[in-house]
Amino acid sequence: MIRNPALISDRIRVSFEFFPPKTREHEGALWHTIERLTAMQPDFVSVTYGAGGSTQDRTLATLRRLAQRTELPAAGHLTCVGKSKAEVDAVARDYWAAGIRRIVALRGDAPAAQGRYAPHPEGYRDAADLVAGLTRIGDFDISVAAYPESHPDSPSPEADLDNLKRKLDAGARRAITQFFFEPETYLRFMDRARAAGITAPIIPGILPVTNFRTVQEFAKRCGASIPAWLARTFEGLDEDPATRELIAATVAVDLCLKLQTQGVTDFHIYTLNRAELTLAICHMLGLRSGLQRRRHRSHGEGMAEQATTA
């Protein structure tokens, strides 16, 4: 499965998603993860925004620290569910003031008690409307969500693609997909998207399966399917986290490499704030830190010098 990293690393780029910490202990774990993953030189990192803005303060605090203490291009997630336009715009301006020039614009999910999504009476209708509003506030680099298996609220795959096109036409520069587990799911989706006239980059979202039950719950909410082979792979490992993590890395890398053979070069990894698992995936994809790359080049130059003087 794993091919020579030297043949693939230069053609693969990654970005990472983090979620804001809930406690001081979680904060320490997050920054340990960020420090370790910075060496992978990601294209950008994003910080999630809880349902209805429930993590708004923690998301902004994390973004401010990223801007102040790192050189990572950081994107703040932003939703419009349950908020007026004025409230959402205020968050976007806070991002801008903090030096954040990237946003992942999402409609957001309705609270469980509400049932189906309904826009705030004074709010943005949906993600396309949100994107259009953000472009009036500042020159943000905006990403949006794409759903290879269609959003659960969409009446049809065609309607879902039309919604994606509206978001991109409104000013978004790229889309990031919801997670999936089989390469054909993404490749078929890309065929349909291109046929529908969507030309913007659509980056596959990669979710390592660290807890199979949790992933099943995620999948129900976002309309993603769980292949039978994946369920069999993690069967009997509920009490064996070390083995689960090894398998999670292997499954994620296998998916990325299969997509890479079809010309896919960019991957957005949902890190779950776990440094070692994400580093293992990057390493198996052939990515190395700047220091490791310099050492590799120096070693190669030394061998070349020996060859010319032999």
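Visitor: I would like to learn how to read the pairing of strands here, so which residue of strand 3 is the bridge partner of V45?

Guide: In this predicted model, the bridge partner of V45 in strand 3 is A74. That pair belongs to a set of three bridges that join strand 2, residues 45-47, to strand 3, and the two strands run parallel.

Visitor: Which strand does strand 3 pair with over five bridges?

Guide: Strand 3 pairs in the parallel sense with strand 4, residues 102-106, over five bridges, and within strand 4 the bridge partner of T79 is L106. Strand 4 is in turn joined to strand 5, residues 141-146, by four bridges, again with the strands running parallel, and here I103 has I142 of strand 5 as its bridge partner.

Visitor: What is the order of the strands in the sheet?

Guide: The sheet is open and has nine strands in the order 7-6-5-4-3-2-1-9-8, with parallel pairing. Strand 7 (202-203) and strand 8 (205-206) stand at the edges with a single partner strand each, so one side of each is left without a neighbour in the sheet.

Visitor: How should I read burial, and why is strand 3 described as largely enclosed by the rest of the structure?

Guide: A residue is called buried when its relative accessible area is under 20%. By that criterion six of the six residues of strand 3, residues 74-79, are buried, so the strand is largely enclosed by the rest of the structure. For the protein as a whole, buried residues make up 48% of the 310 residues.

Visitor: Which helices should I look at around strand 3 and strand 4?

Guide: Helix 4, residues 85-97, makes a right-handed β-α-β unit together with strand 3 and strand 4, whereas helix 5, residues 127-137, lies across strand 3, strand 4 and strand 5 and runs at about 150° to strand 4.

Visitor: What span should the 20 residues of helix 10 have, and what does the model show?

Guide: At 1.5 Å a residue, the 20 residues of helix 10, residues 241-260, should span 28 Å, and the end C-alpha atoms are 28 Å apart, which agrees. The buried residues of helix 10 include R244, C256 and Q260, as well as A248, V251 and L255.

Technical notes
Residues are numbered from 1 along each chain as its sequence is written. This is a predicted model: local features need pLDDT of at least 70, side-chain atom pairs count only at pLDDT 80 or more; totals for chains, interfaces and linings use all residues. Side-chain values use heavy atoms; hydrogens and water are left out. Buried means under 20% relative accessible area, exposed over 50%, partly exposed in between (1.4 Å probe, protein chains only). Two strands pair if DSSP finds at least two bridges between them. A crossover is right-handed if, with the strands pointing away from the viewer, the path from the first strand over the helix to the second runs clockwise. The expected span of a helix is 1.5 Å times one less than its number of residues. Contact means heavy atoms within 4.5 Å. Axes are lines fitted to C-alpha atoms, for helices over the stretch in contact, and angles run from 0 to 180 degrees between N-to-C directions.
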